Amino acid sequence: EHLARFYERNPGARDLDAGDVSARLRLKERLKCKPFAWYIETWRQGADAREAPWGCCQTSKSNSRCATYEYVGGRCQRQRIPPGCSRGFWNARAEYDNATGNCTEASAWRGGCCQASLSDDRCAPGGCEPADCAEGVWLPDAGYDAATGRCSRRLAPWVRSAFVLPPDWRHEKCRALQYPADAALPKVTIVIPYLMEAWFQIKATVASLVWFTNMDLVDEVRFVDDANPPEFNFKVALEALHPKVRVLRNPRRLGLTASKVVGAEGVRSDVLVFLEPHCILSSFWLDAMLHRMLQLSRTTVVVPVLDGIGNWTEASTADGTVEYRLGGVSAGIFSLRQLSFSWKGVFQFNTSYEAPEPFPTPALAGGVFAIWTSWWLESGTYDTAMGQWGGENVEMSLRLWRCGGRIETVPCSRLFHWFRPKRPYSFDGSVAFRNNMRVAAVWLEDYFPVYTGSRAVNTSTAGDVSERLALKRRLQCKPLEWYMDNILPDLWAEVPRSMWPASRNASRPVALQ
């Protein structure tokens, strides 16, 4: 059926010799490939893929007859620029109709749309047609929607129904920003480890990713299956959602920290982005981070602002009652006594801060950040001897700041995160304690007793940390005192005065201003 339609639109192709394809047909049979109709229904939206307008070169604006001198291969040429339609009128709303020989308009077109700006999907002042795009932004992956009068991206039907569209809580200055073209931004691989997650939330994460992300910037979306039981595996379903989605599986449970390292192995993209499988992305979340990364050294790690999600269930997704909660613009910090992460408002660090400027943050929350792949490798990825999760964010924060790096929050990048009330999997608290012991043994130096306190602690609990100590020497990392003086002075309040160095000035101003 589809081959006949192809010949109908490209009659000259009937006379071409495709050669011997028997080997490829046997391969197709051996792999048990799905029919072409499945591909169309899944990725090209069924009839929309066959009949949706690509534009048509007609005689004039008022005459819909095909411009015959541009008529090639049984239809009007699809090119919208010379010489494709150099002597006719390019009607981006129309498609060539074989039956009449005319360009027939439809309620929507695909193949591009001229919108007011990157953040405003209304038609540009001169209109949505490509010929009128001098005053707007041309989006090749969008189309005009007559029902709304706006530019609209053409996506598979499941995408929009899989999540509730979140509010745009970006600062007005963020919404007015014009980000560089695709070619100027680095390409990324997105890594998402998952363990016993709800399918509807994983699907919503991918749907919002596809909806709010320029997928031309994404090489791969790598999900890492941390030895899930069969009912939480989702490999086939995940890889069917988008051609750039790939699922890697751990043969045994490694923990979410080590799974991130697995997901990043062999990546050739310029940038690694780590996400969690229960997030809803928002407008220009990726562009904002990548743009900031280009402005700084390649040893800078950037993080978005995290807003919250409440009452996130299948039912609330279906009826549109998912609650989105505005998060504060805060810096990440941690406690020296417990090595536990917390937040502190950015204005408490810097009373003169002006939104929405990026700002340095002493610590990573953990699950969501972007890092240059080269720096990820050079700086030591994660401590893979840590089990399950816990402590890795503090370890990485201390390592990045003290070993030549920097961490920044980019408020123009926001996403919504599900802070779930309980974990869906078993978690061994003793593993988290061992992880923190590894952090303390490598990074706290003379202040190790502040973490252990009055507890009788066997340092062997941390295991062999010689490799991490060697990394610390190789990177020529600064001492903890430098970090407490310059990055997170709050930590001094947890240190007994008897342990303060003689040079310590108690009236030292707050850092990171």
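Buried residues, those under 20% relative accessible area with a 1.4 Å probe and protein chains only (exposed is over 50%, partly exposed in between), make up 50% of the 513 residues in the protein chain. The model is predicted, so local features need pLDDT of at least 70 and side-chain atom pairs count only at pLDDT 80 or more, while totals for chains, interfaces and linings use all residues. Residues are numbered from 1 along each chain as its sequence is written, and side-chain values use heavy atoms, with hydrogens and water left out.

The chain holds 18 helices and 23 strands, taken as DSSP runs (H or I, at least four residues, for helices; E, at least two, for strands) and numbered from the N terminus. Of the contacts (heavy atoms within 4.5 Å) between residues at least 6 apart in sequence, 74% join residues at least 24 apart.

The whole structure contains 2 disulfides, each a pair of cysteine sulfur atoms within 2.5 Å. One joins Cys174 to Cys412, with an S to S distance of 2.0 Å. Cys174 sits in helix α6 (residues 172-175) and Cys412 in strand β23 (residues 406-417), so this pair links distant parts of the chain, 238 residues apart. The torsion about its S-S bond is about -80 degrees, which means the disulfide is left-handed. Cys174 and Cys412 are both buried.

Another disulfide joins Cys403 to Cys477, S to S 1.9 Å. Its link is right-handed, with 105 degrees about the S-S bond. Because Cys403 lies in the loop between α14 (392-402) and β23, and Cys477 in the loop between α17 (466-474) and α18 (480-486), the pair ties together parts that are 74 residues apart in sequence. Cys403 and Cys477 are likewise both buried.

Grid points are joined across faces, edges and corners, and a volume is the space filled by probe spheres set on the points. The search finds 2 cavities of 30 Å³ or more.

The largest has a volume of about 40 Å³, and its lining includes Trp169, Arg170, Asp307 and Arg414.

Technical notes. 1 Å grid on protein atoms, 1.4 Å probe; cavity = no way out; pocket = protein on both sides within 12 Å on 5 of 7 lines; lining within 4 Å.
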